[in-house]
Amino acid sequence: MPPPQKALVESVEVEIRDFQGRPDAFAVVKGRLSSNAAQLVDHQQSREDGRLYLEVLEQTPRGASLLPNLTEGAPFQARIPIELLGLEPGVHALSANGVETTFELDPVHAQFLSEVNPASANAAPDEPLKDELVPIEETVWGSPATTETSAESPLKSE
């Protein structure tokens, strides 16, 4: 297969929603693929000087025939999660394969994102984090996971 290439992006919008009290953001990217055989394969996100960059990639199998005009390519729409952790409140820019948009991160969402530590997000505020060992029973593969043995067990060979 040839290496992935950038998909033709025509528009991008940012959706920010609350999910169980924390902000979730998605880039809704619309565009066209270079051929009817091409498929979206990956996306990469980076950040530089407070700007977010999203690279949307497509791949066409070797030997597939490309359409002569990119505007005739198969349309696509993708909803891609955006990492917001560490962003300050205010207006931010997002570029998806060169197509730009802006979105606003309100102070409540920004404060939540700056205070959340992924390792302690589920811990009670007054309790220190601690490792806990959850015991499991050792069983032989294919045998019941009970500690009692039964003389009538159907798995017992005689």
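Visitor: How do you know how confident the predictor is?
Guide: The pLDDT gives the predictor's confidence in each residue, on a scale from 0 to 100. The protein averages 74, and 61% of the residues score at least 70.

Visitor: What makes residues 116-135 a region to read with caution?
Guide: Over residues 116-135 the pLDDT stays under 50, and the model has five contacts there beyond four places in sequence, a contact being heavy atoms within 4.5 Å. Residues 146-150 also stay under 50, with two such contacts. Where pLDDT is low, the predicted coordinates should not be read in detail.

Visitor: Why are strand 3 and strand 6 called paired?
Guide: Two strands pair if DSSP finds at least two bridges between them, and strands are DSSP runs of E, at least two residues long, numbered from the N terminus.

Visitor: What makes strand 2 and strand 6 edge strands?
Guide: Three strands form an open, antiparallel sheet in the order 2-3-6. Strand 2 (8-19) and strand 6 (75-82) each pair on one side only.

Visitor: Which other strands pair with strand 5, and in what sense?
Guide: Strand 4 (residues 39-48) pairs with strand 5 in the antiparallel sense over nine bridges, with Gln 39 opposite Gln 59. These two strands form a hairpin with two residues between them, and Asp 49 in the turn has a positive phi of about 50°. Strand 7 (residues 90-96) pairs with strand 5 in the parallel sense over three bridges; Leu 52 has Leu 94 as its bridge partner in strand 7, and Leu 54 stands opposite Ala 96.

Visitor: Where does strand 7 go next in pairing?
Guide: Seven bridges join strand 7 to strand 8 (residues 99-105), and these run antiparallel. In their hairpin, which has two residues between the strands, Asn 97 takes a positive phi near 50°.

Visitor: Why is strand 7 described as largely enclosed?
Guide: Buried means under 20% relative accessible area, exposed over 50%, and partly exposed in between (1.4 Å probe, protein chains only). Five of the seven residues of strand 7 are buried, so the strand is largely enclosed by the rest of the structure.

Visitor: What makes a group of residues a nonpolar core, and which members touch the most others?
Guide: The term denotes buried Ala, Val, Leu, Ile, Met, Phe, Trp, Tyr and Cys residues joined through side-chain atoms within 4.5 Å. The largest such core has 23 residues, of which Val 29, Leu 54, Val 56, Ile 82 and Leu 94 touch the most other members. Strand 6 gives the most to this core, with four residues. Beyond its neighbours within four places in sequence, Leu 94 is in contact with residues including Val 12, Ala 27, Ile 82 and Phe 103.

Visitor: Why is the pair of Arg 51 and Glu 100 called a salt bridge?
Guide: The rule requires a side-chain nitrogen of Lys or Arg within 4 Å of a carboxyl oxygen of Asp or Glu. The closest N and O atoms of Arg 51 and Glu 100 are 2.7 Å apart, so the pair qualifies. Arg 51 lies in strand 5 and Glu 100 in strand 8, so the pair ties together parts that are 49 residues apart in sequence.

Note on methods
Residues numbered from 1 in each chain as written. Predicted model: local features only at pLDDT ≥ 70, side-chain atom pairs only at ≥ 80, totals over all residues. Heavy atoms only, no water.
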